[in-house]
Amino acid sequence: MRTFFKLLTSALLLICIFFLIGCENYAERTHPSWVAPPPGLVYDDSTIFARVTQAIQSDPVLQGASIEIKVNEGHVTLTGVARNEDQITRTNMHTWIVDGVKNVDNQVTIK
């Protein structure tokens, strides 16, 4: 019985040692050629403006709407006049879909 407990204690001690060895800091073992990934895609205001403009102009439902688009650091402001609530909703939708848009201030009014 004593040998069983000694064997069990030894096995548990070995398992604990393996776990502690496996918990070392792997950041120090990173290969020198490793490069940090880029922080993410960054879209400039002119690209956002062009994509929002293209999306709004290509929608046949928005024909006849007079919408002005301003972009400042990813924050889009929409002003102008639409014929109905559906045009305002679709303008908002097309703007939010564009990558890089952080906020939409939709000030479009109904004619």
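User: Among contacts in the protein chain between residues at least 6 apart in sequence, what percentage join residues at least 24 apart?

Analyst: A contact means heavy atoms within 4.5 Å. Here 60% of those contacts join residues at least 24 apart. Please note that this is a predicted model, in which local features need pLDDT of at least 70 and side-chain atom pairs count only at pLDDT 80 or more, while totals for chains, interfaces and linings use all residues. Residues are numbered from 1 along each chain as its sequence is written, and side-chain values use heavy atoms, with hydrogens and water left out.

User: How many helices and strands are there in the protein chain?

Analyst: Both are DSSP runs numbered from the N terminus: helices are H or I with at least four residues, strands E with at least two. The protein chain has 3 helices and 4 strands, in the order α-α-β-β-α-β-β.

User: In which sense do β1 and β2 pair?

Analyst: Two strands pair if DSSP finds at least two bridges between them. Strand β1 (residues 66-72) and strand β2 (residues 75-82) are antiparallel, with 7 bridges. Val71 lies opposite Val76 of β2. The hairpin has 2 residues between its strands, and Glu73 takes a positive phi near 55°.

User: Why does His94 count as buried?

Analyst: Buried means under 20% relative accessible area, exposed over 50%, and partly exposed in between (1.4 Å probe, protein chains only). His94 counts as buried because its relative accessibility is 15%. This residue belongs to helix α3 (residues 85-97). Leaving aside neighbours within four places in sequence, His94 is in contact with Ala55, Ile56, Asp59 and Leu62.
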